[in-house]
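Here is a quick tour for anyone opening this structure for the first time. Have a look at the sequence and the model, then read on.

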Amino acid sequence: IYSYESGPMQGAYAALQGWDALLPHENSVRLYYQPFQPYAFDSGENIMGKLASLMTAFAWQRGDVKESESKINYSVAEKTALGENMIGAIGTGYNALFMLSKVGGNVGAPKKGVNLNLVPESFTGASSMGMWVQLEEDRETQLKILEKMINTLRTEKLLDPENLTDLKKGIFQSSTKEILTNTTDKTIEVRTPRFESATQASNRKVKLDALEIESVSRPCTIAAVSLENNKNLHSSGRILLVFATMFAAENSVWSTENFNAELDVGRLQLLCRSGKFSVKLATEQKTAPKVYVLNLNGTREKEIPVVLKDGKLEISVDTSSFEYGSPYFEIVY
C-alpha cells in the first residue's frame, strides 16, 4: 500500500467493520523536534501518518462511513487452531471479504448472532525469519476460494443483485455501496454524504456525488470532508479539501519515480511530492467562498483564487507554487 492510500483504506474499512478502537503503531504526538527516522511508523514525525489519522477521524470515528449490517464469522476448530497452522492464518481468499462485509472469527463452535458461519478449509503456511513470520500460499487456490465466497454472499443475499463486485475485474464494492475498490486499476472510491474521496495511481476523471476530479499529475488521494457535522458536502459552509501525494524521507532512493520499491530509506525529514490538481465541488451555496492553503499546523498560509460557476466550485492548484508543502485546503463560504 502506498502512503497516500492509507487514509481512506484505513478509515473507510475500519468503519465498515465497526471496530471499537484503532491504535497507531508508534507515538502519535511528539513533544519536541527530531529528524525523521524511517522506522517511525505513524509517529508524530510522519506527515502521512497524521493525514491518515485525520481522514480516519471523519470516516470512522465521526461515523461518516456506514458499518456493514452483514456479519460473517469464521469458525476454526480448537484442534485446527492448535495444530500445524498455529502460526499461520486463514487464506487470503477468506480475508479479502473484509472489503465487502463485516468479518470476524472464533475458535470453537459456530458463533451466534451472525448472518453466516463459515469453516475455513485453507490456511497459509508460515516460516520464521528472525523476528518476522512469512506466510506463503498458492494464489490460484485462494482466488477460487474467494470466488466461492462471493457467490455464497450473493446466494445468502448479503450482497444485493446491484452490487458491482466482480472478481475477474478486481472490483470489490462494500455491502453498503459506499466503498468501491478496484485492485486492477489501483483505485479506491468512498462516497458518503459528508465524506468523499478518490484514490488513483494515474490520471483519470472521477465523478462521485459532490466531488469531481478533472485531472491529476501525480498518484494521489483527493478527499472532500464537510466540517459541519449536521451538513452534507452540498450544503456545508466549511469544507476540508485534501490532496494527498507520496511522502518520502529526504535522500531516500526508489526503484522508479512512482515509488515501486525502496532501495535506501534515507536519513532526514520527510518531503511532500508536489503536483497539479483540478477538481470541482457541487454546492448549494450562491456566492464564491474563500479558499486557503493550510500549513501542517492548521494555520492559513495564503488564499487562492477559485471560480463558482453553475453550482460547482472549480479549484485548480499547483502545490509546488506554495512556500511549504501541504495537502490541506480550507473552503469557507
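## The cavity

The largest cavity holds about 30 Å³ of space. On a 1 Å grid over the protein atoms alone, a cavity is a set of points where a 1.4 Å probe fits but cannot get out; its volume is the space filled by probe spheres set on the points, which are joined across faces, edges and corners. The structure holds 1 cavity of 30 Å³ or more.

Which residues line the largest cavity? They are F243, T245, C272, R273, S274, F277, T319, S326 and P327, where lining means having an atom within 4 Å of a point. Sorted by class, that makes 4 nonpolar, 4 polar and 1 charged. Here Ala, Val, Leu, Ile, Met, Phe, Trp, Tyr, Cys and Pro count as nonpolar, Asp, Glu, Lys and Arg as charged, and the others, Gly among them, as polar.

## About the model

Keep in mind that this is a predicted model: local features need pLDDT of at least 70, side-chain atom pairs count only at pLDDT 80 or more, and totals for chains, interfaces and linings use all residues. Residues are numbered from 1 along each chain as its sequence is written, and side-chain values use heavy atoms, with hydrogens and water left out.

## Two nonpolar cores

A nonpolar core is a set of buried Ala, Val, Leu, Ile, Met, Phe, Trp, Tyr and Cys residues joined through side-chain atoms within 4.5 Å, with buried meaning under 20% relative accessible area (1.4 Å probe, protein chains only). The largest one has 46 residues, and L97 and L153 have the most contacts inside it. Helix α2 (residues 47–61) gives the most to this core, with 7 residues; helices are DSSP runs (H or I, at least four residues) and strands are too (E, at least two), numbered from the N terminus.

There's also a second, separate core of 27 residues, including A210, F243, I304 and V306.

## Two buried serines

S68 sits in the loop between α2 and β1 (71–76). It's buried, with a relative accessible area of 3%. Its side chain makes a polar contact (N or O atoms within 3.5 Å, one able to donate a hydrogen and the other to accept it; residues adjacent in sequence count only if both atoms are side-chain atoms) with the side chain of S175, at 2.9 Å.

S122 lies in the loop between β4 (116–118) and β5 (123–129), and is buried at 13% relative accessible area. The side chain of S122 has a polar contact of 3.0 Å with the side chain of Q142.

Conventions. 1 Å grid on protein atoms, 1.4 Å probe; cavity = no way out; pocket = protein on both sides within 12 Å on 5 of 7 lines; lining within 4 Å. Buried < 20%, exposed > 50% of the residue type's maximum accessible area, 1.4 Å probe, protein only.
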